[in-house]
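Please look over the sequence and the structure shown here before reading on.

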Amino acid sequence: MATDYGPGLMAKKPAELPEIDLDVVDVRQVAITTDPLGETMISLEMAGGQVMNLVFSPGLLAKLEAFLAKANEEQAKLSPIQ
């Protein structure tokens with residue numbers, strides 16, 4: 001079954017792409033726009049010096065924050081503060 005990927009475009013589901021593991025050595029910057037409908041950019045430095053900028057819409061940033069909060073909660077259960 002074809003899926004609509006845009007105005008007037010019908011295409012088969014794209015092939016699954018391989019996952020890529022990158023070692024992050026530093027979080028260099030978080031840039032948040034003042035517009036509540038704007039994007040947030042997180043700039044990461046990889047091993048070897050390559051910089052990767054991740055740009056999130058407000059909805060996706062909220063989803064990432066929820067995942068991180070849940071991960072924090074689960075980690076706290078395993079390693080309670082002494």
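A patch is made of residues with over 30% relative accessible area and no salt bridge, with like charges joined within 9 Å and nonpolar side chains (Val, Leu, Ile, Met, Phe, Trp, Tyr) joined within 5 Å. A salt bridge is a side-chain nitrogen of Lys or Arg within 4 Å of a carboxyl oxygen of Asp or Glu. Accessible areas come from the Shrake-Rupley method with a 1.4 Å probe, and for residues only the protein chains shown count as cover.

The model is predicted: local features need pLDDT of at least 70, side-chain atom pairs count only at pLDDT 80 or more, and totals for chains, interfaces and linings use all residues. Residues are numbered from 1 along each chain as its sequence is written, and side-chain values use heavy atoms, with hydrogens and water left out.

On the surface, a nonpolar patch is formed by Val24, Val27, Val30 and Ile32, which together have about 370 Å² of accessible area. Val24 lies in strand 3, residues 24-32. Is Val24 buried, exposed or partly exposed? Its relative accessible area is 44%, so Val24 is partly exposed; buried means under 20%, exposed over 50%, and partly exposed in between (1.4 Å probe, protein chains only).

The chain as a whole has five strands and one helix, in the order β-β-β-β-β-α along the sequence. Helices (H or I, at least four residues) and strands (E, at least two) are DSSP runs numbered from the N terminus. Of the 82 residues in the chain, 11% are buried. The accessible surface of the chain is about 7,300 Å², and carbon and sulfur atoms supply 60% of that. Among contacts (heavy atoms within 4.5 Å) with a separation of 6 or more, 4% are between residues 24 or more positions apart.

Strand 4 (residues 40-46) and strand 5 (residues 51-56) run antiparallel and are joined by six bridges; two strands pair if DSSP finds at least two bridges between them. Met41 stands opposite Val55 of strand 5. The hairpin of these strands has four residues between them, and there Gly48 takes a positive phi near 100 degrees.
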